Amino acid sequence: MKILCYAVSAEEEPYLKNWSQQNNIKVDLVPTPLSDNSVYLAQGYDGVSSVGMLPVNEEVYATFEKFGIKQLAVRQVGVDNQDLQAAKKHHITITNVRSYSPRAIAEMGVTQAMYLLRKIGIYQNRMAQGNFTWDPTTVSTEIFNCTVGLIGTGHIGGASAQIYSALGAKVIAYDPNYNADLEPYLTFTDFETVLKTADIVSLHVPLLPATQKIIDRQALKKMKNTAILINVARGELVDTPALIAALENRKIAAAGLDTLADEAKLIGQHLQASNLPHDYQVLSQMPNVLLTPHVAFFTKLAVKNYIEIALNDAVTVIKGKKPRNLIC
Ligand code: NAD
């Protein structure tokens with residue numbers, strides 16, 4: 001058996017090689033992302049795996065089918081860049097890694113929230129200019145005096161609830177799917193109450209037609225003007241121009257963004273700051289905004305787990321069995 005892994009990054013290599021040795025299965029690694037320009041590389045392989053945000057179109061699945069490939073193991077949670085209808089049409093089974101280390105993503109959200117809560121960016125910016133002052137606009141609040149509002153209480157939202165609750169914060173959440181296991185850590189409520197009540201609003205929903213721009217101008221208007229927005233889920237959940245306006249007009253206090261709507265083509269690139277999209281340039285100049293390049297997942301445990309889970313599922317599908325994380 002031979003598997004081709006697309007979009008392999010340096011930190012993935014040792015784990016992929018280790019899995020290959022342990023399972024006695026040949027795994028070839030290419031840095032190239034999966035697209036209709038690179039799909040030809042998969043000829044002669046039994047299985048494929050990829051990661052990334054770039055849209056995968058029908059031609060890719062049609063070519064896999066022509067090559068006799070039955071599956072695509074996506075080494076991440078989000079599959080919003082896949083065309084699931086087209087995959088089904090060409091009999092390609094898609095698997096993802098539903099949960100590899102929810103704590104990794106949750107901890108990044110909490111870290112960003114704490115940084116913004118304590119106004120660290122503002123102080124850092126001032127000190128770079130020799131300004132050692134503070135004033136009423138930079139006074140902070142202890143986390144145990146905050147209400148944290150989670151939108152989505154799946155793997156990552158649930159892990160976030162546990163951390164915030166351990167820090168003494170009051171946690172409220174909206175999720176149409178009630179989960180009794182989370183009752184010790186949070187109180188379920190409606191979307192509107194989360195927006196209106198929370199000092200920190202943290203997003204943990206998948207990107208779906210129903211969640212696109214779930215944080216739009218109206219939603220931002222409902223939030224407290226002292227509120228912090230954290231998005232470690234998907235950039236498209238937030239209307240970025242509306243967020244910039246809300247920050248500029250002090251409608252909300254701060255934002256921590258591990259994902260932005262137009263990031264797909266930028267991830268993994270090193271560009272001149274002046275060549276960045278306008279919204280990145282504006283947001284990166286704001287001391288009350290924290291930007292990270294979609295790295296909430298990026299811990300050693302997470303990389304090890306998502307590789308092992310994705311490749312195990314690839315083999316399961318190749319052998320004609322039901323995988324652990326079936327998408328379609
Ligand atoms: P999950 O499937 O375990 O949980 C998602 C939850 O969202 C579910 O409980 C679901 O009921 C809820 N939900 C769906 N629609 C909703 C709505 N309209 N309002 C409120 N809740 C709604 O997913 P997860 O593992 O917790 O991951 C959440 C998202 O985080 C992923 O879809 C992915 O986009 C993102 N993610 C980001 C990174 C990163 O590195 N930044 C890494 C992994 C995942």
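Colleague: Which residue forms a salt bridge with Glu12, and how far apart are the closest N and O atoms?

Modeller: Arg75 is the partner of Glu12, with the closest N and O atoms 3.1 Å apart, where a salt bridge means a side-chain nitrogen of Lys or Arg within 4 Å of a carboxyl oxygen of Asp or Glu. The pair links distant parts of the chain, 63 residues apart, with Arg75 in the loop between strand E4 (71–74) and helix H3 (84–89) and Glu12 in the loop between E1 and H1. Helices (H or I, at least four residues) and strands (E, at least two) are DSSP runs, numbered from the N terminus. Please keep in mind that this is a predicted model, in which local features need pLDDT of at least 70 and side-chain atom pairs count only at pLDDT 80 or more, while totals for chains, interfaces and linings use all residues. Residues are numbered from 1 along each chain as its sequence is written, and side-chain values use heavy atoms, with hydrogens and water left out.

Colleague: Is Arg75 buried or exposed, and what about Glu12?

Modeller: Arg75 counts as buried at 1% relative accessibility, and Glu12 is likewise buried at 1%. Buried means under 20% relative accessible area, exposed over 50%, and partly exposed in between, computed with a 1.4 Å probe on protein chains only.

Colleague: How many salt bridges turn up in the whole structure?

Modeller: A search of the whole structure finds 11. One of them joins the side chains of Glu58 and Lys89 at 2.7 Å, N to O, and this pair also links distant parts of the chain, with Glu58 in helix H2 (residues 58–67) and Lys89 in helix H3, 31 residues apart. Glu58 is partly exposed at 31% relative accessibility, whereas Lys89 is exposed at 53%. There is also a network of salt bridges that links Glu192, Lys196 and Lys222.

Colleague: What about Glu308 and Lys304, how far apart are their closest N and O atoms?

Modeller: Those atoms are 3.5 Å apart, in a salt bridge. Because the two residues are four apart in helix H11, they are separated by about one helical turn. Both are partly exposed, Glu308 with a relative accessible area of 25% and Lys304 with 33%.

Colleague: Staying in that helix, what is the nearest side chain of opposite charge to Asp313?

Modeller: Asp313 lies in helix H11 (residues 300–318), and the nearest side chain of opposite charge is that of Arg324, 6.2 Å away, so Asp313 is buried yet has no salt bridge. For charge, Lys and Arg count as positive and Asp and Glu as negative, while His and the chain ends are not counted. Leaving aside neighbours within four places in sequence, Asp313 is in contact (heavy atoms within 4.5 Å) with Thr95, Asn96, Pro323, Arg324 and Asn325.

Colleague: Changing topic, which residues are closest to the ligand?

Modeller: The closest are His155, Ile156, Asp175, Asn177 and Asp258, out of 25 residues that surround the ligand, counted when one of their heavy atoms lies within 4 Å of it. An N or O atom in the side chain of Asn177 is 2.8 Å from an oxygen atom of the ligand. A polar side-chain atom of Asp258 lies 2.9 Å from a ligand nitrogen, and an N or O atom in the side chain of His294 is 3.5 Å from a nitrogen atom of the ligand. Taken alone the ligand exposes 860 Å², and the protein buries 86% of that, with accessible areas from the Shrake-Rupley method and a 1.4 Å probe.

Colleague: And the backbone, what is the phi of Ala7, and of Asn24?

Modeller: Most residues other than glycine have a negative phi. Ala7, however, has a positive phi of about 55°, and that of Asn24 is near 55°. Ala7 sits in the loop between strand E1 (2–5) and helix H1 (13–23), and Asn24 in the loop between H1 and strand E2 (26–29). Ala7 counts as buried at 16% relative accessibility, whereas Asn24 is exposed at 72%.

How values were computed: Polar contact = N/O pair within 3.5 Å; in protein donor to acceptor, adjacent residues only side chain to side chain.
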